Amino acid sequence: MPSVIDPRMELDYAVQQIVQAPSDNEYFNQLLPAIKDASKGGQSHQLLRSLTQYSANRESEIERICNTNHQGFVSSVNQLLHVREGTIGLTSEILALNHSIQSSTEKLAEQKKALVDSRGVRQNIDEATQALRDCLDVLRLANQVHDLLSRKSRYSALRALDELQSVHLKEITQYKIAEMIQKSVPATKKLIAEAVMTDLNTWLFRIRETSQFLGEVAFYHTEQRRTRQKDRAEALPDLSNFKLNFAIELVSDETEEFDILDNEDVQVDFTPLFECLHIHNALGQIDRFRAEYAATRKQQKELLMPSSVTLIDAESASLSELLEGIAGFAIVEKATMKKTPELRSAVDVDELWDSMCQTAITLISKALHEVTNAEVLLKIKGVIALFIQTMESWSYPVAALDAFLLKLFEKYAELLKRRFSDDFQEIVSTDDYMPMPISKLDEYDKVVNVSWYTPDKPREDIRFPCVLPFSQMYPLCCIDIRNFLNQFYFFSDDHFQHPRVIDETLKTSLDELLSESVCRLLVERLNSQYLGQIVQILINLEHFEIACRELEPLLAAARSNASVEGSVSLSATEEFRGNKKTAEKRIFELVNSKIDDLIGTAEYDWMAPTLEKEPSNYMQTLTRYLSNIMNSVLLGLPTEIKELIYFDALSHAATMILSLPLSTEVRRINPNGVAALAKDVQYLTEFVDTLGNPILRENLDELQQTIMLMQAENSDEFYDIATRNKKYGRVDAMNGPILLEKLTHTVQSPALLKTDKFQALSSRFGMNIILAKDHRTIVHKIRERRPCFSMLTFSISCWHNMIATPFHTVATVI
């Protein structure tokens with residue numbers, strides 16, 4: 001049965017489906033089966049014709065669309081070409097960038113490889129460095145062993161050698177040096193053994209050689225007793241009043257048994273001495289043996305004492321060796337006397353002891369000039385105090401040594417005073433004399449804790465940064481003062497039998513330091529022309545005065561029980577208080593000097609033809625200066641001092657202003673000149689009123705009353721005592737008439753100032769004009785002739801109308 005659908009239409013449909021395929025894969029998937037089917041069915045020509053027809057239709061449609069939108073199509077093509085060119089350029093750039101990245105990557109790889117290599121080298125260096133450090137530590141310990149041997153600390157050397165062998169050598173067993181040191185250990189131990197055996201050859205030689213070590217052990221035992229006594233005093237405060245070698249301390253320490261002559265560090269065997277004494281006793285040569293033994297011990301004593309000592313070596317080693325040797329020698333002597341009383345008497349032992357003490361004191365005194373540091377001297381005192389307490393426990397008299405400690409204290413006080421004096425001088429000389437800025441709370445707490453200062457506000461209300469009133473020198477000096485007090489009392493630690501001397505010397509030295517090294521230097525700096533520095537010095541002086549007042553009860557509380565009870569008074573307190581007045585006067589001088597300079601610029605026209613509308617420039621500058629310094633430079637001063645400065649400055653300003661019209665160069669003053677002065681005084685009065693202190697205005701009373709007198713219509717009231725006391729009580733009785741005599745009520749116009757009217761009238765009337773210096777004579781004559789005052793007034797009035805001279809003043813006075 002023939003197909004209902006036309007094959008041609010079927011091919012056209014298939015072609016349309018192939019062309020409209022959504023992707024290339026679909027396109028080929030449909031095209032290939034269509035071609036295969038067309039070839040099998042003998043429809044290849046029809047398929048080709050359908051494709052050709054579809055293509056022609058598409059071209060016709062494209063041609064139609066292009067004809068309709070030809071210009072847009074051309075533009076789109078041009079744009080596509082331009083985009084293509086840009087795409088090609090970008091492709092080139094991308095290729096170049098890719099090449100650059102590849103080059104950089106190669107360089108980075110090379111650098112990374114170099115870094116890896118350098119890290120390996122560095123690791124090798126670190127390992128070599130650590131190996132060198134380990135070897136150096138072992139070598140240091142080996143050298144330390146030999147150093148201990150050279151100081152005859154053989155036990156310590158042996159311990160160090162054992163530590164080296166058992167601990168440190170095991171850490172470097174892989175190195176050759178460990179084998180070398182290990183081989184030398186037996187030889188080193190043998191050297192120690194031979195040295196010990198050498199000391200045991202003879203008993204006297206061994207005693208002489210072990211005297212110092214015996215003293216060292218005795219000192220160590222005394223230190224232990226000190227520590228135990230301090231522990232007991234902390235547990236029971238009542239025991240703090242009992243020092244070493246007091247009966248209470250000796251009883252409390254009985255449980256701690258320690259034999260100085262027989263312990264793990266040193267053993268003194270008296271067997272050879274007992275044997276020798278027994279033999280000599282048996283032979284009947286005890287007296288001879290006693291004399292020979294005494295001579296031998298005396299020779300050993302001489303060998304024990306060096307020709308000189310140095311006090312400035314590390315840890316006072318030279319002095320320690322001397323005193324340890326004396327202590328060991330004296331302990332053996334005391335033990336010999338107790339064990340063999342028939343051989344050594346107390347007189348013999350005390351004689352040797354006194355001789356050694358005097359020699360030691362002489363040696364130390366000769367070397368004392370080397371000591372220029374108080375800390376070194378304090379160490380020296382500590383060694384001597386330890387020596388004294390050790391020998392006290394063996395019942396030796398130590399009065400000479402106690403007296404020598406007093407001499408050491410004098411030297412110590414002198415060194416402390418010298419050092420802190422230099423510190424104070426440096427602090428004062430390098431201070432910036434500016435209020436101390438504080439930026440953080442911890443800084444504020446540190447300053448308040450070390451200084452004698454009571455803040456105005458609670459700690460919680462303070463905002464940072466803030467400024468403290470005193471300069472940096474004050475807390476620094478407070479720190480030094482506290483250190484000075486502490487270091488003074490350091491000398492009384494452990495042993496010192498003169499506490500009252502410390503109290504009195506401390507008070508005197510502190511007084512001198514504060515007076516000479518602080519107060520005097522501050523006063524010397526008052527010669528500065530800088531007002532801010534003077535103000536800061538005044539503030540510092542006030543705080544130092546407070547510090548002195550705080551120090552007085554502290555010194556009284558720190559006094560020992562042996563000192564006289566009562567309060568302590570520092571003369572430096574009065575020094576600071578008195579020099580505060582000096583600083584205030586210096587502030588007055590600088591402020592008044594500035595006021596003088598400002599008032600010196602005043603330019604009053606006492607015969608001004610017109611009234612001034614504004615206050616003078618100098619007056620405005622003067623009030624501005626007073627306001628500025630009070631709100632800036634003088635802001636940190638107490639209110640009462642600022643008011644006192646204001647009072648003095650205003651008083652001085654009023655005096656200087658009043659001196660302007662009183663000057664001999666001023667001969668005439670007209671009403672306009674008085675008005676200008678009155679305007680300035682009123683401006684100054686208004687400024688004083690803004691300060692809110694009515695007392696300050698009293699400084700201007702004389703000036704104001706003087707202006708009132710010069711502006712009064714009836715100036716004769718001044719010559720009436722009752723009226724003057726009532727209205728012009730503050731006006732000086734001598735200055736008032738002088739100013740009144742200078743007054744003139746005539747104001748010349750500017751035109752008259754340009755033409756000399758007096759010369760014209762003189763030629764017209766043929767008479768001379770009366771000069772200003774003759775006014776005073778006329779006034780006196782008028783007063784002598786008061787009965788004729790009417791006629792004279794009339795005559796002067798007529799004269800005035802004729803020549804308009806300033807003699808109206810004369811008529812007014814009449």
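Predicted model: local features only at pLDDT ≥ 70, side-chain atom pairs only at ≥ 80, totals over all residues.
**Notebook: helix packing and some single residues**

Residues are numbered from 1 along each chain as its sequence is written, and side-chain values use heavy atoms, with hydrogens and water left out.

For α16 and α17 I found a packing angle of about 160°, with the axes 11 Å apart (angles run from 0 to 180 degrees between N-to-C directions). The crossing of this pair is right-handed. I then listed the residues that meet, with contact meaning heavy atoms within 4.5 Å: α16 brings M473, I481, F484, L485, F488 and Y489, and among their partners in α17 are I502, L506, L510, L513 and L522. By kind, the residues of this contact divide into 13 nonpolar, two polar and one charged.

Next I turned to the pairing of α14 (residues 399-430) with α17 (residues 499-524), whose axes come within 10 Å and cross at roughly 20°. On the α14 side I noted L406, F409, A413, K417, F420, S421, F424, Q425 and V428, which meet α17 residues including V501, I502, T505, E512 and L513. The residues of this contact divide into 12 nonpolar, four polar and two charged.

While on α17, I looked up S515, which has its place in that helix and counts as buried at 11% relative accessibility (buried means under 20% relative accessible area, exposed over 50%, partly exposed in between, with a 1.4 Å probe). Leaving aside its neighbours within four places in sequence, S515 is in contact with R520, A572 and E575.

In α15 (residues 441-450) I found Y444, D445, V447 and V448 buried. They cover an arc of only 165° around the axis, so they sit on the same side of α15. On the other side of this helix, K446 and N449 are exposed. The buried residues of α15 pack against β1 (436-438), β2 (466-468) and α16 (473-490).

In the loop between α15 and β2 I came to P465, which is joined to F464 by a cis peptide bond, with omega about 0°.

S395, in the loop between α13 (374-392) and α14, has a phi of about 65° and is exposed, with a relative accessible area of 59%. Y433, in the loop between α14 and β1, has a phi near 55°, but Y433 is buried, with a relative accessible area of 3%.

My last entry is G600, which lies in α19 (residues 571-600) and is exposed, at 61% relative accessible area. G600 and L660 are 60 residues apart in sequence, and I recorded 9.0 Å between them in space, C-alpha to C-alpha.

Terms used. Helix = DSSP H or I, 4+ residues; strand = E, 2+ residues; numbered from the N terminus. Nonpolar A, V, L, I, M, F, W, Y, C, P; charged D, E, K, R; others polar. Arc of directions from axis to C-beta. Left-handed = near helix turned anticlockwise from the far one by under 90°.
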